[in-house]
Structure formats: structure tokens, C-alpha cells
Amino acid sequence: MIRSTGDAMGSNAAVVRTPFLRLRCVLISCGIISILVAAALLAVTLTVFRVREPVMTMNAISLKDPVAAAAAAAASSSTTPPPLLTLTVVADVSVKNPNAASLRYAATETSVYYRARQVGEALGPPGTAPARRTVRLNVTVDVAVGALLGDPAFLEDVVAAGAVAVATATRVRGRVAVLGGLVHRRVVLEMNCTATVAVADMSISDQRCLQHVWLP
């Protein structure tokens with residue numbers, strides 16, 4: 001039996017079309033798998049590896065050398081205050097990192113203010129807050145008491161109320177790296193606190209703090 005020319009051509013077309021259809025199916029399958037993998041990675045990134053806001057807590061503000069501070073307060077009536085007398089303010093801060101990656105932060109910045117005027121500033125060491133851990137930072141700031149004694153408003157506060165209102169500002173700049181360092185996100189934490197220092201015993205009361213977080 002002799003096949004017709006049309007049957008031969010149809011058979012050859014079918015043979016050629018079969019590998020093409022298989023290749024097309026493979027490409028479509030690979031595309032679908034790639035889309036599913038990308039969607040899964042995106043979901044993981046937005047959930048597990050999403051950069052969450054760290055939490056800063058001011059545990060306490062204390063005076064490191066209250067004896068020297070009390071001596072400074074007793075000498076407040078003098079018109080010639082000791083120029084080298086200083087008071088050390090200690091800020092005990094905690095930083096909680098809720099992320100699944102470490103938070104690396106630069107040197108912490110802490111400033112002390114009296115009546116909106118900066119009277120002291122100090123830098124704390126840089127470090128790392130491990131994933132889902134809390135680290136504590138102690139920053140000491142030296143305040144020039146002699147300069148405060150020369151301020152008439154300071155003497156008025158001491159005489160009238162027996163206490164002085166101060167403010168502190170602590171700032172932490174850091175970076176969180178997720179997905180093996182492929183994604184970096186900067187973090188800026190700032191804690192602003194106000195407190196009242198009693199001149200009689202150098203105790204601190206009425207401490208109030210407010211946290212600000214930026215993810216630029």
C-alpha cells in the first residue's frame with residue numbers, strides 16, 4: 001500500500017510538533033515554579049524577615065557622684081563657682097531587637113539639657129543587638145556644674161523649688177541586614193526623657209520618656 005503525500009507530511013509535522021510541545025510545557029512549568037518560589041520568598045521577606053521597629057527603654061537616670069553634686073548645690077550662693085566641678089549623669093538604656101536578624105548600631109549619642117540648653121554630651125560604644133534579644137547600654141555624661149551655678153535661672157530653681165528639671169536625649173543609629181545581607185534597612189532610635197533632680201539628696205523623680213523610631 002502506497003501512502004499518500006499528505007499522510008507523509010502530516011506524520012512528519014506530528015513528529016516535529018511533539019518535541020516543541022514538550023519544550024513549551026517544560027518552559028511553562030519552569031515559569032510557574034519560578035513565580036511560586038518568588039511569591040514564597042516575598043511572603044517570607046514580608047513576615048519573618050520584615051524589619052520591625054526596635055524598642056528602646058530608659059531603665060533609669062541616676063547620678064554617679066551625688067556627694068560632689070551636693071557640695072556644688074551648697075556652694076550655689078557663691079558668686080565664684082568652682083570651674084572644674086562636674087556631675088556625672090548615668091543613663092541606663094535597653095534596646096530590644098524583635099527582628100530575625102542582628103541589629104548593628106554605631107556609637108550612641110546622649111545629651112543632657114537644662115532649660116533647652118545643652119549642658120553635657122557623651123558617646124557610648126558601638127555594638128550589636130542579636131536577633132530577638134535585648135541589650136543594655138550605660139552612657140555617662142559629665143555636666144559642668146560650675147557653668148550651671150553661673151546661670152541665674154538655675155539658682156532661682158534651687159532656691160524656690162529645691163529641685164531642678166533636666167532633660168536627656170539618647171539616639172542610636174543602626175542597620176538590620178536580612179536575607180544574608182542582601183537587604184539592608186537603616187534604623188534610628190531616639191529616647192527623650194525629662195526628670196526632676198532634688199537638690200537636698202540628689203534623688204531623681206518624675207521621670208517621663210518618649211520613644212521615636214525612624215526606618216528611613
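1. Contact here means heavy atoms within 4.5 Å. Leaving aside neighbours within four places in sequence, asparagine 97 is in contact with Ser102, Leu103, Ala129, Pro130, Ala131, Arg132 and Arg133. Asparagine 97 lies in strand β2 (residues 86-97). Strands (E, at least two residues) and helices (H or I, at least four) are DSSP runs, numbered from the N terminus. Asparagine 97 has a relative accessible area of 0%, so it is buried. Buried means under 20% relative accessible area, exposed over 50%, and partly exposed in between (1.4 Å probe, protein chains only).

2. A word on the source. This is a predicted model, in which local features need pLDDT of at least 70 and side-chain atom pairs count only at pLDDT 80 or more, while totals for chains, interfaces and linings use all residues. Residues are numbered from 1 along each chain as its sequence is written, and side-chain values use heavy atoms, with hydrogens and water left out.

3. Next, the core. A nonpolar core is a set of buried Ala, Val, Leu, Ile, Met, Phe, Trp, Tyr and Cys residues joined through side-chain atoms within 4.5 Å. The largest one has 41 residues. Met56, Met58, Val95, Tyr114, Phe154, Val176 and Leu189 touch the most other members. Not counting residues up to four places away in sequence, methionine 58 touches Ala91, Asp92, Val93, Thr168, Thr170, Met191, Cys193, Gln207 and Cys209. In soluble globular proteins, nonpolar side chains tend to be buried together.

4. Two of those contacts of methionine 58, Cys193 and Cys209, also form a disulfide, with their sulfur atoms 2.1 Å apart. The term covers a pair of cysteine sulfur atoms within 2.5 Å. The pair links distant parts of the chain: cysteine 193 is in strand β9 (residues 183-198) and cysteine 209 in strand β10 (residues 204-214), 16 residues apart. A search of the whole structure finds one disulfide. The torsion about its S-S bond is about 110 degrees, so the disulfide is right-handed. Cysteine 193 is buried, at 2% relative accessibility. Cysteine 209 is partly exposed, at 37%.

5. How many salt bridges are there? The count comes to five, a salt bridge being a side-chain nitrogen of Lys or Arg within 4 Å of a carboxyl oxygen of Asp or Glu. One of them joins aspartate 92 and arginine 136 (2.4 Å, N to O). Here strand β2 holds aspartate 92 and strand β7 (residues 133-144) holds arginine 136, 44 residues apart. Aspartate 92 is buried, with a relative accessible area of 15%. Arginine 136 is exposed, at 56%.

6. Glutamate 109 and arginine 173 form another salt bridge, with their closest N and O atoms 3.6 Å apart. Glutamate 109 lies in strand β4 (residues 109-114) and arginine 173 in strand β8 (residues 163-178), so the pair ties together parts 64 residues apart in sequence. Both are partly exposed: glutamate 109 at 29%, arginine 173 at 39%.

7. Strand β8 also holds arginine 171, and strand β9 holds glutamate 190, so this pair ties together parts 19 residues apart in sequence. Their side chains meet in a salt bridge (2.2 Å, N to O). Glutamate 190 is buried, at 13% relative accessible area. Arginine 171 is partly exposed, at 25%.

8. Last, helix α1 (residues 5-47). Isoleucine 28 has its place there. It is partly exposed, at 46% relative accessibility.
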